[in-house]
Amino acid sequence: MSLNLAVPSIRVGASLQERFMEVRNTSLQITASFSAEDQMLQSMPDASPTKWHLAHTTWFFETFILLPHAPGYEAFDPRYQYLFNSYYKQLGTHPNRGARGLLSRPNLEHVYAYRSHVEGALSPLLANAGDEILELVELGINHEQQHQELILTDIKHALWSSPLRPEPLADAHHKASAVPLDWVEIEGGIHSVGHDDPGFAFDNEAPRHEVLLRPFRIGSRAVTNGDYLEFMEDGGYRRPDLWLSDGWDAICAQGWNSPLYWEREDGSWRQFAMNGTIQVGTREVDPAEPVCHISFYEADAYARWCGARLPSEEEWEVAATRAQTKGTFLDDNVFHPRAARGDGRQMFGDVWEWTASPYVAYPGFKPAAGLIGEYNGKFMCNQLVLRGGSCATPASHIRATYRNFFPPHARWQFSGLRLAK
Ligand SMILES: [Fe+2]
């Protein structure tokens, strides 16, 4: 069976088995400072408890690899097949997404034991595995990396939702002036986008195909908090002429007048944030940092206020392919976007950038046959594409062709924007 996924790429100096354990250990490292009580919080249906993420990523390896491919494998607990299924309907029913915070049982110790059980069974299987299993392990590794980002964004939202108001955080970051915004010119014509090299990619990044682009200009850096404050101070949230109809309805219904996690205190803006030790608290909004935790609606309204627009995902990809400069990733242990430095391009890391593109299939896209085909394709409706990764994305997980997607109202991811004209 072909999974319609690329052949696994083995990073120099690290076998697939080593990478598997590295990623498994990273999930434990980034959650180690949270108590068992923290790890079962669910603050909204979109966000899942840390403990659920730790179990579900394990379920993925057990369900797609061990149960069908490891002779004699005994499930850690057969009930987990139902309990930690996220959305794979071909497997049958699963718990309601919004009820994941009710899982006080199994407790965290049992989830750790589940993780060890699956790792112990999977590692020996890899020594003689064929391409199909290796492809599935590669997919499982990338799946767990996606959940690492969700672990951080979900628990950030959960801890912010606590009635106990957050303590001030020491300003952990060096304050820098924002790099000036320049415009990078990209020529019009036929460009190629999408994945086709031998490394791993998700099925939604292919096939590579040609697109016709008009000449365009794209911002040399992400929009900063300082930029966004000017929009706010100009009454940006009170001017219906700047907003899409759905966006205006959303800000009126939700009472939004700033990015998520911003709070006005003694005449200045503070924001709820994580710092390098995964402590949470509030700190002053730094005007030089990229604005984040905004919806597509806010990104779109800001761009309109500037007389600019959001780039299409194809424009973004063409520009990013020429500017491989890196920003801040999960590996930097900052868990907060940092001000652009150097040439300021910062197309990868720090904040996901909303694009104007709906998340739909590329021409010729075919999801994999069977169960695994539910991974991406069935979500290609009512969502927008974001590009570039964030400060919560593992550095090895991102590439120019990577397509993230969220509904337009979503704000709890590290989502920001870059302008285009
Ligand atoms: Fe998942």
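Predicted model: local features only at pLDDT ≥ 70, side-chain atom pairs only at ≥ 80, totals over all residues.
1. Residue numbers run from 1 along the chain as its sequence is written.

2. The structure holds 0 disulfides. Cysteine 292 takes part in none, and the nearest cysteine sulfur to its own, that of cysteine 391, lies 6.6 Å away. A disulfide requires two cysteine sulfur atoms within 2.5 Å, so the sulfur of cysteine 391, at 6.6 Å from its closest counterpart in cysteine 292, is too far away for a bond.

3. Are these two cysteines buried or exposed? Cysteine 292 is buried, with a relative accessible area of 3%. Cysteine 391 also counts as buried, at 0% relative accessibility.

4. Strand β6, residues 268-274, is mostly covered, with 6 of its 7 residues buried. Strand β6 has pairing partners in β5 and β7.

5. Strand β5, made of residues 262-265, pairs with β6 in the antiparallel sense over 4 bridges. Within this pairing, glutamate 263 has arginine 270 of β6 as its bridge partner. The hairpin of β5 and β6 has 2 residues between the strands, and aspartate 266 there adopts a positive phi near 50 degrees.

6. Strand β7, spanning residues 280-284, pairs with β6 over 5 bridges, again in the antiparallel sense. Here the bridge partner of glutamine 271 is arginine 283, a residue of β7.

Notes: Heavy atoms only, no water. Buried < 20%, exposed > 50% of the residue type's maximum accessible area, 1.4 Å probe, protein only. Pairing = 2+ DSSP bridges.
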